[in-house]
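Please have a look at the sequence and the structure first.

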Amino acid sequence: MEHIITPKVEYVKLLNRYAEKKSVLGTLYLTATHLIYVEQTNNTRKETWVLHHHIMSVEKLPLTAHGCPLLICCKTFQLLHLLFQRERDCQDVYQSLLRLFQPVKEEELYAFLYNPHQNEEDRRQGWEFINVANDFSRMGLSNDYWEISHLNKDYEICSTYPSILGLPKNVSVATVTGSAKFRSRGRLPVLSYFHKDTKAAICRCSQPLSGLTSRCVEDEQMLQAISQANPNCPFIYVVDTRPKLNAMANRAAGKGYENEDNYSNIRFQFQGIENIHVMRNSLQKLLEVCSVKSPSMSDYLTGLENSGWLRHIKSVMDAGVFLAKAVCEERASVLVHCSDGWDRTAQVCSLSCILLDPYYRTIKGLMVLIEKEWISIGHKFSHRCGHLDTDPKEVSPVFTQFLECVWQLSEQFPCVFEFNERYLIEIHNQVYACQYGNFIGNCQKERLEMRLHEKTFSLWPHLLKNQHLYRNPLYRRSLECTVLRPSTLPLHFKFWCGMYNYYDGGMHPKQSVLDQLLSLTQKQVEGERTMTELQRVRGVMGVVDFVRVERYLTDMMLSPSHPFTAAEGAEPAATEHDLTSSKDKPVSVETEHSKEEVQESS
Amino acid sequence: MELSEHIKTANVEDVTLRRPFHPALRGTLCVTSHHLLFSDRKDEASWQLLILLKNIDAIEKRAVGSSGTITIKCKDLLVLQLEIPGMEECLNIASSIEALSSLESVTEMYPFFYRPSHLTLNGPWGLSSTEQYYKQTERLWDRWRVSTLNSDYSVCPSYPSAVIMPREVDDDKLIRSARFRQGGRFPVLSYCHHRNGMVIMRSSQPLTGANKKRCKEDELLLQAVIDGSELGYIIDLRSAQQAQQARMTGGGFESKSFYSHWKRIHRHHERGKVVQESLIKLVEACSDPSHSVDRWLSKLENSKWLSHVHSALSTAGLVVECVERDGHSVLVHGSEGTDNTLLVSSLAQLILDPASRTVTGFLCLLEREWIQAGHPFQQRCAHSAYSHARLKQECPIFLLLLDCVWQVWRQFPLALEFSEALLLRLAQEVYASNYGTFLCNSEQERCAAGVKENTHCLFQSLLRPDIEEQYLNPLYEPTDLAIWPSVHPQSLQLWTGLFLRWTEYAQNMEEAREEVWSIVKEHHEQAGPDRTNNTLSTHCDTLTPFENLMDELTIL
């Protein structure tokens with residue numbers, strides 16, 4: 001790894017944000033994939049692992065009398081404030097990290113070198129585990145109204161759409177291609193969710209290229225076809241999730257929104273969700289509030305208000321609730337779009353799916369939903385998450401907001417989700433980790449070209465394997481059949497401390513109801529579970545699993561490209577004795593989560 | 001005037017009742033001396049709503065054609081609407097409610113008439129006393145004694161008849177110290193830490209006045225408290241500036257030169273009207289129908305309620321730090337020593353003392369530190385968040401305590417034996433109750449009114465095994481450690497259980513609670529019958545031995 005200038009720096013201080021006295025001295029290691037901070041005092045060894053891909057920014061702060069400070073901010077909302085004794089070391093680490101945390105090429109992403117010790121067959125099965133076509137079947141497709149179409153199999157109609165699309169039955173190819181041409185980036189109206197009971201559908205697309213006066217017969221036919229695919233309602237809602245002003249501005253650029261006069265029986269609505277730039281800035285402000293050392297209650301609440309974050313979360317939720325109501329109460333189909341139809345549209349469609357269909361509130365159902373409404377239909381994960389060193393203006397916490405909306409729902413309805421908060425946080429961490437291939441690339445076509453299914457592994461089987469950690473013990477299947485009708489009064493929108501202050505353990509409840517209930521139900525359900533298995537579980541959940549960490553270290557050392565072996569004079573601290581015993585394939589540290597537990601627990 | 005003379009119309013038919021999140025009901029409305037009764041007998045299964053008139057904080061009348069609408073806003077934050085056919089009936093009902101919901105005389109209040117068949121007036125009243133606390137706390141026996149100098153309430157009208165004092169300070173000195181403290185509230189023992197014998201004392205402010213008067217006996221008393229150890233802490237619940245200003249009106253603070261072994265720390269706490277208005281603003285914000293998040297957050301901030309929660313928990317944390325971590329005794333006081341003083345000292349005990357985290361222990365704590373210690377409940381809880389009446393001495397300090405306890409419970413969900421339901425029940429009872437527990441402003445007043453002889457005790461009734469289960473925390477696992485809550489703003493939350501009590505949200509939370517119970521019960525069934533009984537029986541047993549020890553007290 002030519003980018004690592006200094007693989008090891010000793011006597012680095014890790015500053016504690018809340019208690020200066022608790023700051024510690026330790027050793028910093030840079031590996032090909034992680035930054036590792038090891039603190040060894042007497043018999044306790046504490047390790048903090050930070051995946052390079054999780055780093056959002058590295059900043060050298062002005063020199064102080066105590067040393068040379070380096071501030072590392074992570075996409076997982078972790079903050080590391082390091083203090084180096086020598087300016088030289090600080091500069092070297094800074095330089096190395098700059099290059100490591102934002103790779104230039106996709107092949108440098110962790111997923112391309114990570115192997116969870118599966119064979120090719122496992123890998124193939126892993127990728128097939130979640131299948132969007134199956135979800136269409138689950139909804140009852142193909143039926144009298146909707147069918148699965150392969151018109152886009154070569155990504156020619158729309159390069160950012162998946163190869164299979166849900167379209168109204170019997171809609172002509174001319175209508176489809178014509179409509180695609182009239183929509184921004186060819187993202188024509190396609191089926192997102194079909195509600196069996198009401199026959200109403202949620203469809204999604206991008207904005208029409210209507211400009212000030214343009215119209216398109218095929219697009220009008222397309223909407224007509226969507227309307228006709230619902231026998232229960234004579235009109236469809238067309239929901240533009242943008243603020244009206246933004247949509248108007250787009251008209252001047254030849255884009256815009258549907259003119260009600262040109263389309264028969266549509267009811268047009270704006271929803272007022274702000275764009276990716278507003279959201280990015282809002283999160284920035286929120287994080288500033290989170291990281292204030294000891295704010296007064298007033299400062300905190302004012303800061304929270306000024307960040308606008310919860311206002312944005314509510315706007316997404318409002319739109320989702322509007323869709324769900326239209327479908328289940330008015331039995332009306334809805335067509336949703338924003339500008340390109342891959343950010344706000346994805347948020348709103350997936351949220352309304354959760355409100356409408358209990359399946360998506362299960363552990364597997366959420367995977368399916370994310371696969372369907374985000375990954376396959378072209379939410380630009382690579383750009384939005386800033387996996388590579390690309391345009392920072394493309395980065396935006398759109399997916400994070402979706403996860404937060406789900407969390408807000410789970411706070412209002414503690415018994416309707418099969419999963420708990422940790423599942424959402426784990427998915428969030430994995431999205432940024434690039435350890436698995438799922439969230440790499442911006443659309444299906446790109447992923448195919450990268451041959452991700454051959455070169456990387458899928459996250460979903462890994463999550464499923466650990467699903468006992470993510471279970472919500474309060475989940476009641478009996479409540480399954482209900483449509484969720486959340487209150488959207490502002491007071492129900494709470495700050496998500498578990499996410500944005502995840503690494504500030506001191507702020508969280510000191511005892512966990514979740515752990516308690518999980519351990520009670522665990523014993524109940526799986527009384528036959530062996531002792532060793534239980535210990536493994538505990539290792540991931542809270543108790544440090546040193547063996548695993550050390551094994552990982554040794555494993556990395558055996559690889560010829562590894563900094564410990566590649567760089568001169570680097571000592572493989574405290575792990576030498578383990579060299580021989582690591583013949584059996586090491587269990588890699590599986591989650592960013594568990595690494596952090598290492599830090600928390602000593 | 002007889003209470004019944006306030007009732008001009010006792011019954012109205014065809015009244016429509018509207019409650020939040022329930023369909024409207026039609027039925028009969030009935031006003032009695034103490035209750036408003038609505039019954040709907042349309043279906044076979046009749047449904048009734050019984051509201052204590054004292055629970056009604058405010059009513060609003062509105063005429064709609066020939067009929068009238070009364071909006072009833074209760075002290076437990078419930079809001080109801082009654083549509084009454086006939087304007088005259090409506091006005092009569094409204095004036096009855098107005099007159100009967102604000103009775104001044106204690107003995108006219110409902111607890112003096114409440115006679116359920118399952119309770120008898122002959123049983124013991126209350127759970128604890130100063131003497132019992134002393135008897136239980138072995139660490140006190142050596143250096144402390146029970147003084148009955150206040151047995152006729154002449155030394156301090158708001159203190160109980162017995163207080164715990166250092167052995168080496170005789171009653172004469174105490175009387176002098178009492179004269180030097182506002183309202184005669186001289187420093188008394190509130191808690192003795194089981195781990196190191198350090199104590200929490202509480203009092204009112206010293207009356208040093210503008211001339212910096214001193215009182216040798218008061219100084220000796222405090223010297224005796226720390227008994228030769230180097231240092232004690234005085235936590236003054238006012239800012240240094242306020243404490244200075246208090247001298248102008250005859251109050252003051254313990255100056256360093258006269259109390260050389262005591263270190264004074266000032267922590268500003270809002271009191272009285274400010275806190276009352278804070279509650280009013282918060283409740284108003286919670287019922288704001290606007291959909292603007294900014295508006296909500298700004299109103300929440302503006303209400304300052306969470307800031308008060310924050311201050312109370314921080315200062316309690318400070319007291320705990322002094323006692324537990326640094327091993328020093330503490331004296332807590334503000335001005336009168338009847339409000340924030342009790343808030344801080346009881347929160348500190350909850351954090352420090354595992355015994356105060358059981359149902360019985362917590363109720364005993366409330367009894368000792370609030371009821372017997374002379375928190376003026378009648379004045380403070382005369383009105384709640386909706387009243388338009390001019391505020392006099394109202395202040396929801398007790399509600400603030402319950403909120404703080406809830407915050408502790410949220411952060412340590414396994415450490416308290418009781419559940420949120422108990423806190424909610426107390427929040428309701430303190431404003432309007434069938435029981436005599438929260439009547440009057442002091443022991444002296446309760447004695448004069450014959451509260452113990454003529455009313456039932458809430459705490460005893462809460463501990464009856466059939467009632468108590470609903471107030472237990474199914475996840476309770478006792479711990480001996482201090483439970484320090486985090487006071488980061490991110491760690492403190494709006495107490496939705498109380499402030500959103502009458503919304504759909506509360507129903508979802510109830511489902512979750514039931515689910516927790518069923519998981520725990522199922523688990524216990526699997527683990528064998530031994531464990532199930534364990535938690536249920538312990539605190540019932542603890543009551544009896546205390547009673548028997550009463551007689552031996554004189555010997556000590």
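Where in chain A does Asp343(A) lie? Asp343(A) sits in the loop between β14 and α10 of chain A. Cys338(A) is found in the loop between β14 (333-337) and α10 (344-356) of chain A. Helices (H or I, at least four residues) and strands (E, at least two) are DSSP runs, numbered from the N terminus.

A word on the ground rules: this is a predicted model, in which local features need pLDDT of at least 70 and side-chain atom pairs count only at pLDDT 80 or more, while totals for chains, interfaces and linings use all residues. Residues are numbered from 1 along each chain as its sequence is written, chains are lettered from A and ligands numbered from 1 in the order in which they are written, and side-chain values use heavy atoms, with hydrogens and water left out.

**The annotated site**

An unreviewed UniProt entry lists a "binding site" that includes Asn275(A), Ile276(A), Cys338(A), Asp343(A) and Arg344(A). The listed residues span 70 residues in sequence, yet no two of their C-alpha atoms are more than 12.2 Å apart, so they gather at one spot. UniProt positions are given in the numbering used here, feature names are shortened, and annotations may be inferred rather than shown by experiment.

Here are two of these residues, with buried meaning under 20% relative accessible area (1.4 Å probe, protein chains only).

| Residue | Relative accessibility | Class |
|---|---|---|
| Cys338(A) | 3% | buried |
| Asp343(A) | 8% | buried |

Leaving aside neighbours within four places in sequence, Asp343(A) is in contact (heavy atoms within 4.5 Å) with residues including Cys338(A), Trp374(A) and His379(A). Among the residues that Cys338(A) touches are Cys205(A), Asp240(A) and Arg242(A).

**A sheet in chain B**

Over in chain B, five strands form an open sheet of mixed pairing, in the order β10-β11-β14-β12-β13. β10 (188-192) and β13 (262-266) of chain B stand at the edges, each with a single partner strand, so one side of each is left without a neighbour in the sheet. From one strand to the next, the twist averages 25 degrees. Strands count as paired if DSSP finds at least two bridges between them; β10(B) and β11 (residues 199-202) of chain B pair in the antiparallel sense over four bridges. One partner in β11(B) is Val199(B), bridged to Cys192(B).

Definitions and conventions. Buried means under 20% relative accessible area, exposed over 50%, partly exposed in between (1.4 Å probe, protein chains only). Axes are lines fitted to C-alpha atoms, for helices over the stretch in contact, and angles run from 0 to 180 degrees between N-to-C directions.
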